[in-house]
Amino acid sequence: MPVIVQKYGGSSLADAEMIKNVARRVAVCHDADNQVVAVVSAMGDTTDRLIELAAQVSDRPEPRELDVLLSTGELKSCALLAMALHSSGYQVISLSGSQAGIQTDTSFGMARIAGLDPERIMRELRAGNIVVVAGFQGITDGLDITTLGRGASDITAIALAAGLGAARCEVYTDVDGIYTADPRVVPSARKLAEIGYQDMLELASYGAKMHPRSIELAAWYKVPVLVASSTQNTLGTLIHDLALSNSDHTGDGAMEVS
């Protein structure tokens, strides 16, 4: 069965009902004979609230401890989504970034993925489990928890898709695709059916709904990425290599390009 990596942003997981909605979408993908890995961000504005809380107890929070604190937001989403799926009768397991084999350097707050050991995820998929992974985080060689920077659950999802040889990575968010411009500012903006990696990287650099580092990673490993709405059943935008119909540049040990 093909592996599909799905990523859900914080706005798609803002409350219990929205988490249940995400669980239904994950279940539909699983029921279509796919092996599903769901990567989740922290609920709503959880990360902002944790940063504010840290500021209340320290004028200058120590970076290592701040990463430990911030990583708990994704763990909360991860566990709750797994609970919702389990209550619907699905085999599911939640994994932290470290349990998922995401290895990073020691740049707390803006760590880069140095390697990936996908064996635990592959073992869980072979056992028939849906795997829910906490995005935005990893672990150093010294077993310290790190975070990858704001909005970096996209990076987690793309790295896992590359390392698992996934058929595609699906990024679900509060918009229904990639537009030629911000439709809230430019009413005539068009939604794109597809876009190449380089053009998407340029849009992402100007604030489009993808982390620029995730697009660099997708381009390097030729991971097709679908960006679509988490609440509407509408066609999204496919980000891929327009010059290639198939890819063979995937494999274990995915890491970020410099």
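G151 lies in the loop that runs between β8 (145-147) and α5 (153-164), where helices (H or I, at least four residues) and strands (E, at least two) are DSSP runs numbered from the N terminus. With a relative accessible area of 48%, G151 is partly exposed, buried being under 20% relative accessible area, exposed over 50% and partly exposed in between (1.4 Å probe, protein chains only). G151 and G10 are separated by 141 residues in sequence, while their C-alpha atoms are 9.4 Å apart in space. The model is a predicted one, in which local features need pLDDT of at least 70 and side-chain atom pairs count only at pLDDT 80 or more, whereas totals for chains, interfaces and linings use all residues. Residues are numbered from 1 along each chain as its sequence is written, and side-chain values use heavy atoms, with hydrogens and water left out.

F136 occupies the loop between β6 (130-134) and β7 (137-139) and is buried at 4% relative accessibility. K222 is placed in the loop between α7 (212-221) and β11 (225-229) and is partly exposed, its relative accessible area being 23%.

Helix α6 (residues 197-205) packs with α7 at an angle of about 170 degrees, the axes being 9 Å apart; axes are lines fitted to C-alpha atoms, for helices over the stretch in contact, and angles run from 0 to 180 degrees between N-to-C directions. The two helices are therefore roughly antiparallel, a term for angles over 145 degrees. The contact (heavy atoms within 4.5 Å) is made by Y197, M200, L201, A204 and S205 of α6 together with P212, I215, E216, A218 and A219 of α7.

A search of the whole structure finds 10 salt bridges, each defined as a side-chain nitrogen of Lys or Arg within 4 Å of a carboxyl oxygen of Asp or Glu. Among them, R49 and D45 meet at 2.3 Å, N to O, with R49 partly exposed at 43% relative accessibility and D45 likewise partly exposed at 42%. In the salt bridge of R120 with E124, the closest N and O atoms are 2.9 Å apart; because these residues are 4 apart in helix α4 (residues 119-126), about one helical turn separates them. R120 is partly exposed at 26% relative accessibility, whereas E124 is buried at 11%. Salt bridges also link R64, E65 and D144 in a network.

Terms used: Parallel < 35°, antiparallel > 145°, perpendicular 65-115°, else oblique.
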